[in-house]
Amino acid sequence: MLAAVREAGTLALGFYRTDLKKWIKGGDSIVTEADIAVNELLQKRLAAERPDYGWLSEETEDDRLRLTRSRVWVVDPIDGTRAFAKGKPHFVISVALVENGAPVLGALFNPATDEFFEASAGGGARLNGAPIHVTDRASIAGCRMASHLTLFRHPAWKEPWPEMEMIERNSVAYRIALVACGAADAAMALSTKNDWDLAAADLIVREAGGRMTSHDGRPLVYNRELPRHRSLIAAGPRLHEALFARVGGLALPS
C-alpha cells in the first residue's frame, strides 16, 4: 500500500501546476484528469494485488459487492482537488484498508510538500518515518483549529466561540493529519463527509494519541451501505472533550 501511494504521488506531481483538464461533477464538486489517473493507478496496484478485497473510491462507481467483504480499500485519489487544481499544496492522496468497519492501515501523502503520514492499528503513527503525537492542549481559546472560520462565525451559535488560530486547508484529510502531527490542535466539521475523506486520517490521528468521533461522540464506522458521516471532531483527548461539550447536543440532519 505504501509503495502504491508513493507511486501515486509521483504521478500526481506530473499534473500539478500544469494546464490540466478539469470539470464539474455532482453539482459543485470539481474533478481533474489527475484524479482519474491516480485512481486508475491505485486500483491497478491495490485491487489487482488483493482481488478478494472490496473497493470504495470517490472516482469509481460504487460496487455494493464491497458490503459483502470484510476488508475494503477506501481511496480518495486526491483529497483537496480544488486546491490541487489551483496549484496550492493543500491536498493529499488518501488510502485506507478498512476491516470490519474500522481502518487498520492508512496513508496520506502530500507530494507537493513531501509529507507522508502513515499508521497501522496498534502500531502508532508516523510522518516521514518519525513517530508523531497530538498536542495535549485542553482549552479551546487560542487553540490552532484546522477548519473554516465561517463555521464558527455562523449566527446560529447561541454563544460566541473564543478566538482561535484558524488553519484553513481544502483537504479535510490533510487538516486531520495536521492534528495528528501536532501542527494543529483540533479539526472540526459539521457538514457531511465521505468514507474516503476520513478513513485513513481517522486511523492516523487515533494512532497519534488523539480522538476522532462524530460531533455527538460516536466512533465513525466505515464501509456501510451509505458511506457518509454527518460530522467530525478530531483532537487530543482533553481538547476533544472540551469541543464535545460545545457541540455534542446539536441536532444535525442525517
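The sulfur of Cys-143 lies 15 Å from the closest cysteine sulfur, that of Cys-181, which is too far for a bond. A search of the whole structure accordingly turns up zero disulfides, a disulfide being a pair of cysteine sulfur atoms within 2.5 Å. Please keep in mind that this is a predicted model, in which local features need pLDDT of at least 70, side-chain atom pairs count only at pLDDT 80 or more, and totals for chains, interfaces and linings use all residues. Residues are numbered from 1 along each chain as its sequence is written, and side-chain values use heavy atoms, with hydrogens and water left out.

**Cysteines**
- Cys-143 is buried, with a relative accessible area of 0%; buried means under 20%, exposed over 50%, and partly exposed in between, using a 1.4 Å probe and protein chains only.
- Cys-181 counts as partly exposed, at 23% relative accessibility.

**Helix packing**
- Helix H5 (residues 172-180) packs against helix H6 (residues 195-207) at an angle of about 0 degrees, and their axes are 9 Å apart.
- That angle makes H5 roughly parallel to H6; angles under 35 degrees count as roughly parallel, over 145 as roughly antiparallel, 65 to 115 as roughly perpendicular and the rest as oblique.
- Here axes are lines fitted to C-alpha atoms, for helices over the stretch in contact, and angles run from 0 to 180 degrees between N-to-C directions.
- Helices (H or I, at least four residues) and strands (E, at least two) are DSSP runs, numbered from the N terminus.
- H5 brings Val-172, Ala-173, Ile-176, Val-179 and Ala-180 to the contact, while H6 brings Asp-197, Leu-198, Ala-201, Ile-204 and Val-205; contact means heavy atoms within 4.5 Å.
- These contact residues divide into nine nonpolar, no polar and one charged, where Ala, Val, Leu, Ile, Met, Phe, Trp, Tyr, Cys and Pro count as nonpolar, Asp, Glu, Lys and Arg as charged, and the others, Gly among them, as polar.

**Nonpolar cores**
- The largest nonpolar core has 40 residues, and Leu-108, Phe-117, Ile-132, Ile-176, Leu-198, Ile-204 and Met-212 touch the most other members.
- Such a core is a set of buried Ala, Val, Leu, Ile, Met, Phe, Trp, Tyr and Cys residues joined through side-chain atoms within 4.5 Å.
- Among the elements giving two or more residues to this core are H5, H6, strand S4 (71-79) and strand S5 (92-99).
- Not counting residues up to four places away in sequence, Leu-108 touches residues including Phe-117, Ala-173, Ala-201 and Ile-204.
- A second, separate core of 27 residues includes Ala-12, Val-38, Tyr-53 and Val-95.

**Strand S6**
- Ala-102 sits in strand S6 (residues 102-110) and is partly exposed, with a relative accessible area of 34%.
- The C-alpha atoms of Ala-102 and Ala-200 are 10.0 Å apart, although 98 residues separate them along the chain.
- Val-104 is also in strand S6, and its contacts beyond four places in sequence include Leu-97, Ala-119 and Leu-203.

**Loops and backbone**
- Pro-89, in the loop between helix H3 (81-85) and S5, is partly exposed at 26% relative accessibility.
- Asp-114 has a positive phi of about 55 degrees although it is not a glycine; Asp-114 lies in the loop between S6 and S7.
- Asn-128, likewise not a glycine, has a positive phi of about 50 degrees and is placed in the loop between S8 and strand S9 (130-131).
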